[in-house]
Amino acid sequence: MFRPPRLLATAALAFLVAACSPTVRVEAPEKPIEINMTVNIKHEILVKVEKDVQQLFDENKGLF
């Protein structure tokens, strides 16, 4: 027994599955990649100043 509706449904399902297949594209970006690196050097400067002040206090113990 030949069933055209079933054949038509199968063909439609196959068409939908083929039409919905995902496409993956790998492209280079138009703009260059920008990496913003903010470096905090305040801590390093404060440590150096603190060491210099401590050395000054050690050398001149009679100041305070």
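What share of the 64 residues of the protein chain counts as buried? I looked it up and got 0%, with buried meaning under 20% relative accessible area, exposed over 50% and partly exposed in between (1.4 Å probe, protein chains only).

Ground rules, for my own use. This is a predicted model, so I note that local features need pLDDT of at least 70 and side-chain atom pairs count only at pLDDT 80 or more, while totals for chains, interfaces and linings use all residues. Residues are numbered from 1 along each chain as its sequence is written, and side-chain values use heavy atoms, with hydrogens and water left out.

Fold: I find two helices and zero strands in the protein chain (DSSP runs numbered from the N terminus, H or I for at least four residues, E for at least two).

Surface: the protein chain exposes about 7,100 Å², and carbon and sulfur atoms supply 64% of that (Shrake-Rupley, 1.4 Å probe; for residues, only the protein chains shown count as cover).

Next I checked for salt bridges (a side-chain nitrogen of Lys or Arg within 4 Å of a carboxyl oxygen of Asp or Glu). The count is one: R25 pairs with E27, and their closest N and O atoms sit 2.3 Å apart. Both R25 and E27 are exposed.

Last stop, the loop between α1 (4-19) and α2 (42-59), where I found I33. I33 is exposed, at a relative accessible area of 72%.
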